[in-house]
Amino acid sequence: MTGPFRIFLVFSDTGGGHRSAAEAIKKAVLELADSTDVEIVMKDVIEESNPVNAMFEHTYNRLLRGHQNWMKYYFALIEWIKPNENEIGYRLVSDYTKRLIERINPSIIVSVHPMVNHYLARTLKTMGLEKKIKLITVLTDPNANLWSGWACRDASMTIAPNDIARDRLIAMGLNPDRIRVVGMPISPDYLKPAVQPRQALLEGLGLDPELLTLVVTAGSAGGGNMLAIYRALAEVRRPFQVIFICGKNRRLQKEVEGASHELSCRTVILDRAESMIDSMDACDLLVTKAGGLTTFEAIARRVPMALDMVTEPMPQESGTAEILIEAGLAYPVEEPEDIVSIVERLELKDNRLEAPLPPVHNLDRVDAVYEIARLILEQRVEEPA
């Protein structure tokens, strides 16, 4: 009897996108698995590995929440010291990664975060398991401004979201034969009908289903320039209403509550959406930062986006913004006041979910997570009884 096909999904909670990608892959794998002998273990290995790596994760989230203008310096620092590749970094995590692999005993490791690939690949080599346990990396940055950590030459397979990311990986030294171009791993839930239709959701929040509706989201960390953009909405003459999602930032929530008295529109303030899918379907414009997962989830729901570019976006997000703006799927907000003309000129479309998506750079591959899941399941090899 052979044991279960155990998939070890590794990520880090830097922002919310990497966990979302891991959960999306998990859902797709379980949907496609034709038997019950598939097990999935998910873990934030950065935070658990050692205090230094935990510090990097916490610093990232603190900057994201309150000092987004410093993020480019954080990016440059990580790219300079490469803590995920250097000898000191490996020594700090090697005991942890060895114990982790021994305890979980995975059939395959799937990484959706650039800071863990090299540690795990080197650990597998050290343990003599590199031929037994494959390492697959799944990129969540759909542009050329990649964290160099994505380019792990010892990975058995690297799944890229589009041609731009593939070409950058090759330029960083990856073997083209080990790269598969598929798409972004967004949750299968975004391909399914909304649970709560627009009218029910908006009425439940005390809003008018017939009125132009904006969802302003500061992400899980509650960062960016959303408060300034929200305040600029005071100059919009067109009738509208707002759902403001503040994330984990309690200070932001209080500031939005204060600013809401300056606007004539009705505003509902939430820390999180009960269903982001339903919220996207219920809104006419999503105001967000250019995070890879959030923006591609919005693409799947065909909701127009206004992207926060007031502060220079992180390098890995600026490329995403450029792609979406060029494709006509998003509008740039380079100054808070830019939101006024975007809202004033926004055209409302009936049957939005039926609209075709541009095929350039795999923007139409909203179902890519299923192919990613198939590629993972194809690695299952039956051992002799």
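A pocket here is an open set of grid points where a 1.4 Å probe fits, with protein on both sides within 12 Å along at least five of seven lines. In this predicted model, the second largest pocket holds about 810 Å³ of space. The briefing also covers a parallel sheet of six strands and one aromatic pair.

**Second largest pocket**
- Its lining is made up of 34 residues.
- Arg302, Pro304, Glu347, Lys349 and Arg352 lie nearest the centre of this pocket.
- Helices α12 (292-300) and α14 (338-345) are the elements that give two or more residues to the lining.
- The largest share, four residues, comes from α14.
- By class, the lining counts 20 nonpolar, three polar and eleven charged residues.

**Six-stranded sheet**
- The sheet is open, and its strands run in the order β2-β1-β3-β4-β5-β6 with parallel pairing.
- β2 (38-44) and β6 (179-181) each have a single partner strand, so one side of each lacks a neighbour in the sheet.
- On average, neighbouring strands are turned by 20° against each other, direction ignored.
- β1 (residues 5-11) pairs with β2 in the parallel sense over seven bridges.
- Phe11 stands opposite Asp44 in β2.

**Aromatic pair**
- A pair of aromatic rings is described by the distance of the centres and the angle of the planes.
- The ring centres of Tyr230 and Phe244 are 5.5 Å apart and the planes stand at 90°, so this pair is edge-to-face.
- Tyr230 sits in helix α9 (residues 226-232) and Phe244 in strand β8 (residues 241-245), 14 residues apart.
- Both Tyr230 and Phe244 are buried.

Notes
Residues numbered from 1 in each chain as written. Predicted model: local features only at pLDDT ≥ 70, side-chain atom pairs only at ≥ 80, totals over all residues. Heavy atoms only, no water. 1 Å grid on protein atoms, 1.4 Å probe; cavity = no way out; pocket = protein on both sides within 12 Å on 5 of 7 lines; lining within 4 Å. Points joined across faces, edges and corners; volume = space filled by probe spheres on them. Nonpolar A, V, L, I, M, F, W, Y, C, P; charged D, E, K, R; others polar. Phe/Tyr/Trp six-rings, centres within 6.5 Å; stacked < 30°, edge-to-face > 60°. Buried < 20%, exposed > 50% of the residue type's maximum accessible area, 1.4 Å probe, protein only. Pairing = 2+ DSSP bridges. Axes fitted to C-alpha atoms, helices over the stretch in contact; angles between N-to-C directions.
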